[in-house]
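I opened this model to look up a few residues and one surface patch. My notes are below the display.

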Amino acid sequence: MPFRLSFGSVVFLTSPLVLVLALSIVIGLLLVIVFRYTSDQKAIGRAKDRLKAHLLAVRLFQDQLPVVMRAYARILRGTASYLRLAFTPFLIAILPITFLIIQMDRYVGFVPLRPAQTFLVEARVDDPAAANQVELQLPPELASSAPAVHILSDKEVVWRLVAQRAGQYDIHFAAAGQTVSKQVVVSPGLARVSPVRLQGRFWERMFTSGEPALAENSPIQSIAILYPPRVIHFAWMEWNWIVLFFAVSLVAAFIFKSLLGIQV
């Protein structure tokens, strides 16, 4: 009998909650495996045993101040030794995880716009005079629902738009003889979105934008689409996806390290 996915199954598999939980569990497993093969397990075991012994000494000799003070000093040295042993595996793991979080945030960090939903577009310019010169050029699927608002003190122009149907569209902005664009995503499901397009600011673009930089000579410094931030409901609570990701990853890592007998 051939395997078929029903519509309900597809919705379940593309649910932000399911994706975050599945990714968190996989990352938790990969973390302990990376830690196992990039760390000195025997040295970590010895460091943890020494810390336990010093903590026990504090409890057994709590009425003998010199012994307790020496034990605390050894606890500090033992903690520093343990952190040194754990630093290399942590450094190896943190870089790919950071890259993964940046990419996942494009999909689950914000909710794409829905058809017939109004939304705001903000363009920031390099001087107040340029704000009055920016012209908005819309595709047929998008329409303006209110006049543009010029905020000269912030050097911003804000438009309120509405999408007629789902799709990916480019909004064009003309100013000082130049034209730049910004992508708008309208989708009822998961989709990759980029909330802002920036000029320069390399590191900020790495973390917040999924589009190429605006030209350095453009009078427009940034264009932002105000997508609603996504809230994930799990365990009778509302979560930011990154907080949920780290919480579940840590729980999964501790479970897997116990099952696999890995020193962490």
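These entries cover a lysine, a valine and a nonpolar patch.

**Basis.** I am working with a predicted model: local features need pLDDT of at least 70, side-chain atom pairs count only at pLDDT 80 or more, and totals for chains, interfaces and linings use all residues. Residues are numbered from 1 along each chain as its sequence is written, and side-chain values use heavy atoms, with hydrogens and water left out.

**K182.** I found K182 in strand β7, residues 178-186 (strands are DSSP runs of E, at least two residues; helices are runs of H or I, at least four; both are numbered from the N terminus). K182 counts as buried because its relative accessibility is 0% (buried is under 20% relative accessible area, exposed over 50%, partly exposed in between; 1.4 Å probe, protein chains only). What does its side chain reach? A polar atom of the K182 side chain lies 2.6 Å from the backbone oxygen of S194. I also noted a side-chain contact from K182 to E211, at 2.6 Å.

**V20.** I placed V20 in helix α2, residues 16-38. V20 is buried, at 1% relative accessible area. Its C-alpha lies 9.4 Å from that of I232, 212 residues apart along the chain.

**Patch.** I listed a nonpolar surface patch of V26, L30, I33, Y37, V251, I255, L259 and L260, with about 810 Å² of accessible area together. Helices α2 and α7 (241-260) each give two or more residues to this patch. Patch residues have over 30% relative accessible area and no salt bridge; like charges are joined within 9 Å, nonpolar side chains (Val, Leu, Ile, Met, Phe, Trp, Tyr) within 5 Å. A salt bridge is a side-chain nitrogen of Lys or Arg within 4 Å of a carboxyl oxygen of Asp or Glu. Areas come from the Shrake-Rupley method with a 1.4 Å probe; for residues, only the protein chains shown count as cover. I checked L259 in helix α7. L259 is exposed, at 65% relative accessible area.

Conventions: A polar contact is a pair of N or O atoms within 3.5 Å; within protein, one must be able to donate a hydrogen and the other to accept it, and residues adjacent in sequence count only if both atoms are side-chain atoms.
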